[in-house]
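The structure comes next, followed by the points grouped by topic.

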Amino acid sequence: MLAYVGRRALLAVFTVWAISVLSFAIIQLPPGDYVTSYIAQMASTGSVVSEEEAQQLRIQYGLGQPYYVQYLKWMNLVVRGEFGMSMEWRRPVTEVIGDRLWLTMVVSLAALVLTWVLALPIGIYSAVRQYSPGDYAATFVGFIGLAVPNFLLALVLLYFGFVFLNAHVGGLFSPEMQDAEWSGARVWDLMKHLPMPALILGLAGTAQQIRIMRANLLDELRKPYVVTARSKGLTELRLILKYPVRVALNPFASTIGYTLPYIVSGSIIVSLVLGLPTVGPLLLKALIAQDMFLAGTIVLLLGLMTVIGTLISDILLVWIDPRIRLEET
Amino acid sequence: MAAEPLLSVRNLKTYFAQDEGLVKAVDGVSFDVAPGSTMAIVGESGCGKSVTARSILRIVDRPGRIVEGEILFRRGEAATDLATLDANGAEMRAIRGAEIALIFQEPMSSFSPVHSVGNQIDEAILLHQAVSRRGARDKTIEMLRRVGVPSPEERVDQLSNQLSGGLRQRAMIAMALSCQPTLLIADEPTTALDVTTQTQILELMRQLQKEDGMAIMLITHDLGVVAEMATDVAVMYLGRVVEQAPVDAIFHDPKHPYTRALLRSIPRIRSRTRERLTPIAGSVPHPFDRPHGCSFHPRCTDFIAGRCDASAPELGPAGPGHAVSCFLYE
C-alpha cells in the first residue's frame, strides 16, 4: 500500500515538473521578452523605466541567457513563492492572484461536495427503484441539468433572484464585505453566498454523476454476490450500501482528478456572469492582454491542482477497490 | 414420509409480471423435505428450480412475487409459514442465513470482489450470533479449517479472486454453515467446477451433513449428482413438480413419462456398446406459451388425446413415499 502511494507520488512530482516546463514555454511564447513589453507598456501610460531598472529586471529573469538558465531562474523564484510581475496590473502575480486562489478552491470544493451529496443518494435511489416515479423524475431533472448551459442557468437565477427576492445573488460577498479584512463575519458572509454558485457550477456534474451511479449500480445489483449478501439476512439498506455501492463508487473516485481543474477553467463564463472573484476570469483576461507571467502562473497552479486531484483519486481508488493494489504488485 | 417434515412447500406459485405478459415461473409446486435428508430438485434449465429456492428464502427479484401457496418451515415444535412473512422483515431476516442458508452456482462471483472473504463470513456470524468481532473472526477461521481450506489464518484476509474455484466454493460453504442452519439450499453448487473438485465438494457437503445433521435441498440438473447425494428426489417441469419419490424409486421405478425420458437421455457406464441415447422430443415451451392441460403433453410419448390436453393432472400417490402427477396413474 505504502509502496503504491509512494510510486504514485513520485509520478506526480515528475508530472508537476513537466507542467512547469510547459508553463514556462507559455510565458516565452509571445514575441519580445518581458522587459521590452514592460517598457512599452509603461511608456504607453506615460511613465519611464530607467535603464538601471531595466537592467535589474533583465538580470533577475536571466533574459538574454539560454532558455534553461531562464527556466531555472524562474523556477528559483517560483519555489520561493515569487511568480514574477503581472504587466497588466503592475503588481506581483502573487498579489494579483492572492485570495482568488483560495476562493476558487473553496468554490470548487463546494461544487464538488454538492455534486456528491446530491448525486450519490439520488443515483442509488434511481437504480434501486428503477422505473419508479422517483427514478423518472430524477432522470428528467438530470437530463435538463445536462442540457442547460450553466451560464444560462446563472442568468436565469440572477434574474429571478433580483425580481422576486430583491436579492443580488452574484459574487461571493455582500458589497460591504467585498474588501473587508478576513473575519468571522466575512467567512459567514462567504458561507451565505456559496450555495448558489456551487449549485450552478455543480449541476451539470451532478446530472452526469447520477446517470453514472445509476448505470453502474444497476449492473452491480444483478451480480450474484448481492444475492449472497441478501441470503445472509442483512437489511436491504445495509447490504446495498456495503456491497454494490462500494463497487459502483469507482468512477466517482476516478473523476476527482479532472473535476477540480474543470470547475476552474470550465466555469469562466459562469464566473463572469456571477461576478465570482475566482481565477477563471483572471486567466481569461491575462491571456487576452498577453500578461504572460500571470497566465503561466495560473496554468501552473491549475496543473498542480490536477495532479493533486489525481493523486487523491488514485489513493481513494485503492481504498475502494483493493484489487487495484493486487494488480500493481 | 414418517417424520414431520422440516420444510413443506404447498402449492407454491411465484409469478413475474413482465411487459410481455405473466411468467408463471413456479406454478403450484409441492414437496416435503425431512430433517437431515437430502432432497434433490431436478429439472431442465428454466423449469423454476432456482426461483423455488429463492421463494423459500424470500429473495425473489422484482417483479417476481409469491401469489399463492404455503412454505411451512418447522422451527422447534411450531411451523412458520414463510410465504406470509414480510420478505425484508426482522423475522424473515433472522431465518435467512441462520436457519436456512444458501450456496449457489457461481463461486466466481458469489463473493464481493472488494471485501476479504473473512470479512464476509464474519458478517454472517455477527449478524446472527452474540459474539464479539474477535470471536467472529476466530469462528470464521475455524469454519474455514473445517471445510478444508489450507492455512485459513492467511486465507481469511484474502480477496475471493485470490482463491481457486474449489476453495471459493469451500469458503462459500463455510459461510453458509457458519450459523448451523437446519436447512441448506444448494443451487447447482458444483456446476461451475471441474469434475475432480466437484467430487471433493460433494464429499465435503455429505461429511458436514453427517456432522451437523442439517437437511440439504440440492438443486441440480445432473442426475449423477442426484444418485450420489440424494435421499429423495422431486422432478420439476415448467414450474411444477411432476414426480416426487425416494431416490431408489426414481432410478428404478420412474413413473412419470418425463422422468422416464430424462433417465433414457443420459448415458450409462454398463450399457451395451453403441446403444443410442433417446433425447426428449421437441423443446421446452416458451413460458408465455404454456401448453393447455398437462404442460408436458406435446412432448409426451404416452399422450392421451382429449385427456392430457384438456386438463392438468394433480400430484397423487403412486407407491410408498412416491407421488406422481400423470393421468396414467389415476
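What covers the buried residues of H1(A)? In this predicted model, the cover includes helix H4 (67-79) and helix H16 (292-320) of chain A.

**Helix H1 of chain A**
- H1(A) runs over residues 2-28, and its 27 residues should span 39 Å at 1.5 Å a residue; the end C-alpha atoms are 39 Å apart, so expectation and model agree.
- Its buried residues are Ser20(A), Ser23(A), Phe24(A) and Ile27(A).
- An α-helix has 3.6 residues a turn, so residues three or four places apart point the same way.

**H5 against H16 in chain A**
- Helix H5 (residues 93-128) of chain A packs on H16(A) at an angle of about 40°, and the two axes are 10 Å apart.
- The crossing of H5(A) past H16(A) is right-handed.
- From H5(A), the contact takes in Val93(A), Val96(A), Ile97(A) and Leu101(A); these meet Phe293(A), Leu294(A), Thr297(A) and Leu301(A) of H16(A).
- By class, the residues of this contact are 7 nonpolar and 1 polar, with no charged.
- H16(A) is also among the elements that cover the buried residues of H1(A).

**H4 against H6 in chain B**
- In chain B, helix H4 (residues 133-146) and helix H6 (residues 165-177) pack at an angle of about 125°, with 9 Å between their axes.
- H4(B) passes H6(B) in a right-handed crossing.
- H4(B) contributes Met143(B), Leu144(B) and Arg146(B) to the contact, while H6(B) contributes Ala171(B), Ala174(B) and Leu177(B).
- Of the residues in this contact, 5 are nonpolar and 1 is charged, with no polar.

**Contact between chains A and B**
- On the chain B side, 23 residues are in contact with 19 residues of chain A.
- Helix H2 (90-95), strand S6 (100-104) and helix H3 (117-128) of chain B are the elements that each give two or more residues to that side.
- H3(B) provides the largest share of the chain B side, with 4 residues.
- The chain B side divides into 12 nonpolar, 7 polar and 4 charged residues.

Note on methods:
Residues numbered from 1 in each chain as written. Chains lettered and ligands numbered in written order. Predicted model: local features only at pLDDT ≥ 70, side-chain atom pairs only at ≥ 80, totals over all residues. Contact = placed C-beta atoms within 7 Å. Nonpolar A, V, L, I, M, F, W, Y, C, P; charged D, E, K, R; others polar. Expected span 1.5 Å × (residues − 1). Buried ≥ 20, exposed ≤ 12 C-beta atoms within 10 Å, placed from the backbone. Axes fitted to C-alpha atoms, helices over the stretch in contact; angles between N-to-C directions. Left-handed = near helix turned anticlockwise from the far one by under 90°.
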